[in-house]
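Here are a few friendly notes to read alongside the structure. Take them in order, and keep the view open as you go.

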Amino acid sequence: MYQPDRSQYPQKRVDGTLDIDLKSGKYLKLWQGPQHPGVTGNMSIELTVCGDEVVDAKTHVGYLHRGFEKLMERRTFMQVFPIVCRVCVPEPDFNEYCYAAAVEELAGIEIPESARWIRTLILEMGRINSYLMYLGGQAGAFGQGVIGQWTTYVRDLMLDRFEELTGARIYHMFILPGGVRGHLPEGFSGRMEETLREIESVMDDVEKVMFQNAVFKKRSIGVSVIDPALLDSYGITGPNARAAGVARDVRTEQPYLVYPELELEAVIGHDSDIFTRAEVRRRDLLMSIDLVRQILAKMPLEGAVMTKLPNVLHWKIPRGETFIRGECSRGEYGYYVVTDGSGYPRRVNVRGPSYTHSIALFERLIINANISDVAGTLVSLHTYPPEVER
Amino acid sequence: MSVRDVISPLTAWKNLFRDPVTIVDPLNERPGAERYRGFHMNDMEKCIGCGTCETICQNGAIDMLPADGISAKQGDSGLRPRIDYGRCCWCALCVDVCMTGSLTMSNEYTWVEKDPEVFRFMPGVDKKDWDDAELGYQRLMEKQMIPAERVSMREIEPDTRIDSYCEIVEGYSVAEAKIEADRCVSCGLCVATCPTHMAIPEYIAAVRDGDYKQGIKLLYETNPFSEVCGRICTHLCETTCAARHEGDPIAIRWLKRHIIDQVPTEEILDIIGGPEPSTGKTIAIIGAGPAGLTTAFDLARKGHAVTVYEAKAAAGGMTRYGIPEYRLPYEALDRDVKVITSMGVKIEYNTRVGPGKDADISMQTLKNENDAVLLSVGMQLGRSTRIPGSDHKMVTKAVDLLHQITAGEQVDAPKSIVVIGGGNVAMDIARSMARLQLQQHGKINLTLTALEDIDHFLADAEEITESREEQVEILDARGPQSIEFDDEGNVTGLKTWKVLSIFDQEHRFAPMYDESDEMFHPGEMVIEAIGQMMDGSLLGDELTEALEWNRGRIQIDGSGRTSEQWLWSAGDCVKGPDVVTAVADGHRVATSIDNYINQQVKQL
């Protein structure tokens, strides 16, 4: 007999382990991933289902493991710079920023004012792109493929802006220890404004077609609710936390770069379900558009963008350690860097928000969910598996 | 949930009436952005094959390899970067650190080929469509990753130094030396240029690490005259330094001096190790200059008994009797000599070798009593211009005067002097005499005339600058014609003509003058500093006859051996003149003599 209160299911043994007898014929093991359109990147979920209800879930990551943190320990401080961006594909710039800022702090380097503005600009541009990708994925998880096509179109326009500013579309390799590689190109602000308008126009459509959509609402409202009490114990940050009503945003809590000079406010929601998380991200995206405009209006258009470095071929940094954090589209992103006075980082630890969100939190959240909500839930946590497997 | 939520999504249908946004690629051209990091270009005119790109590449995508039609030369390794596009990640660090700015990137990004091998290519050597691209990543900033400016050397101000023989260059502090050493990219172009192939990048690394013992070991592997070379070396290495292309060359000479300045002379032998067990073989060396003493040092290290015969009262040869104390203090030279003698080299001072009655020992005796003899007597005789009046007693040779100054003899400087010559010796004598003028008359009146124009002076640039700072008037492109006298036969000055060209088309010395541009330089004394030659009188007629000669110099083979089996020759008297060339020569001869002796031992 189906019981509406699912909190007792699956039943537990006295010792607290799940009472699941796979030979009973009641349960089914089901693998979702590693190639699955509902997962951004490669990870897989080993589901145990009873009927169409998930009773147990185990995440499997490692398909993308390239050992970045270890690779960094065998590279000089400047040689690390081209590989950090590869830790996270859709929003690589946070890796560049956090690494550069950590090295600068440990080496005692001040970067020029212009570089701080351009870094902020790039991070916000990256955030917009990341959210656009998310929206397409979130809608796609519920069968709305067209949203992904629209957001990919405007994301591509933003990639054009990235290309002209940084010289590359995906892995920009532009924020490097000491500053950034160049100033804004001629006429950049005008073209950026056109792009922002196009994004806004598409976002209007997205709001009408995705957020004011009976199907999307039915599938997302009240689904996968994160209990605000879990936030601290699970280390939940970013939009996932803000959708639960907690204004957790590094940009406002501990402002870095030029955020103190910009007007911004942490976007929060209250219902903590898939819909609210999507809504928080949509509004955050619009705020990022506003931030880009603020930056372009206020930033200095001249002046050095790079500070003079010692010879990078044998750059040694004194013993020290630091943790640099920033608010990426998925939550708090951090780099813990240890130096030992040699020419190589002793340890670089990348703390991406996806690690906690996509493993511990997800495994808890998905119990008693419907199989068809698994992809939607995972996407709603906005995880990028490459960042889990540094 | 409302009716709106059902109707609103239908607005998506409006897109039916929009044009597609997709670009039809690859059929349509879609150029990369202006600063797109596309395929590499390398300007063969600029590339020097220093390999800094290879060093920075974290993917190991760049290999430095020989290229067809490009050969190694001074300041160019002859190698060129080959990039493997199976490994490259287009991060452009190679462009950022390029020492000459030759490596850039086009904004081209499509390249279709059937053969995967061709994606490993040598930009600039393998011709590509994008070789002339104007757009692309070209190092947006000025070079920030490798400091371009040299740490300036502290020197005594001209006003303070002009009336003293105190050393002008003060030397780097440890902190300054570290900053300067940090600039080196360890390309090794300097090693190839240095006549004695010193391990320059390695000893610069030792300065960076503060490991001066290692530095001393490296210096003494190739040069026992580091005190001397650290001060007055002609530093050819710095003329080929990769850093000179977009900034100042590394101060290699000053860094060498910095290492030797940091370690007490007494500790050097402990660091480099003493001589090998005695072999019982004896070698005689004539002349305690850099070439002779380098050979002596090497041979003594190998356990041979070496005796150096020196006609003068102190060792060093021209480095002592030719170079003024403000450039090379005698104590510095003494420290080098001390290490050499502590290796077991015996120096017989005030011992003249030769056939005459005033000689202390003859060549024949040396030949008979030793297993090998080295002739390294340098060039002690000054050359004369042989212009009318140059045989007057107030027309002197620079080397003679410099010798007198070093020996502590009284040298009377007249109130006005003219120096002929544009090399370092000319600068040395001009500056020495200027000091004497100031001491004896309270003011300087000294004119220096040289055949070369100022851009082609043989003297080092800093010598010219410092001479001018010390009030020496330098006139370039002036050819000496005659010494002028007054009625009483005293020298009144020098007459010169403007030089049009120095060499003829076959590059032979044949100066052309503009006779209409005549100048008179007043001076009570004229000093000739136009070159030196060897004093071969010690050889004696018989040996002079037996030896083979080449344009006034003793003919030697590649290892420094003369046509006489027992006699070698090295240094200025066969090569040079230059200290570091003499040192290199000394090593070569020492190896040759050691091989010869070992062969003899085997034959026994």
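1. A word on terms first: contact means heavy atoms within 4.5 Å. Axes are lines fitted to C-alpha atoms, for helices over the stretch in contact, and angles run from 0 to 180 degrees between N-to-C directions. Helices (H or I, at least four residues) and strands (E, at least two) are DSSP runs, numbered from the N terminus. This is a predicted model, in which local features need pLDDT of at least 70 and side-chain atom pairs count only at pLDDT 80 or more, while totals for chains, interfaces and linings use all residues. Residues are numbered from 1 along each chain as its sequence is written, chains are lettered from A and ligands numbered from 1 in the order in which they are written, and side-chain values use heavy atoms, leaving out hydrogens and water.

2. Start with helix 18 (residues 424–441) of chain B, which lies across strand 12, strand 13, strand 14 and strand 18 (525–528) of chain B. Its direction makes about 170 degrees with strand 13 of chain B.

3. Those strands belong to an open, parallel sheet of five in chain B, ordered 11-18-12-13-14. At its edges, strand 11 (395–397) and strand 14 (473–475) of chain B each pair on one side only. From one strand to the next the twist averages 20 degrees. Pairing here requires at least two bridges found by DSSP; strand 12 (residues 417–420) and strand 13 (residues 446–449) of chain B have four. B:V419 stands opposite B:L448 in strand 13 of chain B.

4. Now to chain A: is A:L106 buried or exposed? With a relative accessible area of 14%, A:L106 is buried (under 20%; exposed is over 50%, partly exposed in between, using a 1.4 Å probe and protein chains only). A:L106 lies in helix 3 (residues 93–107) of chain A and touches residues including A:I317, A:P318 and A:V337. The C-alpha atoms of A:L106 and A:V338 are 8.7 Å apart, although 232 residues separate them along the chain.

5. Rings of Phe, Tyr and Trp (its six-membered ring) pair if their centres lie within 6.5 Å; planes under 30 degrees apart count as stacked, over 60 as edge-to-face and the rest as tilted. The count is 25 aromatic pairs over all chains. A:F94 and A:Y333 are a tilted pair, because their ring planes meet at 40 degrees, with centres 6.3 Å apart. A:F94 is in helix 3 of chain A and A:Y333 in strand 7 (residues 331–339) of chain A, so the pair ties together parts 239 residues apart in sequence.

Definitions and conventions:
Lists of a residue's contacts leave out its neighbours within four places in sequence.
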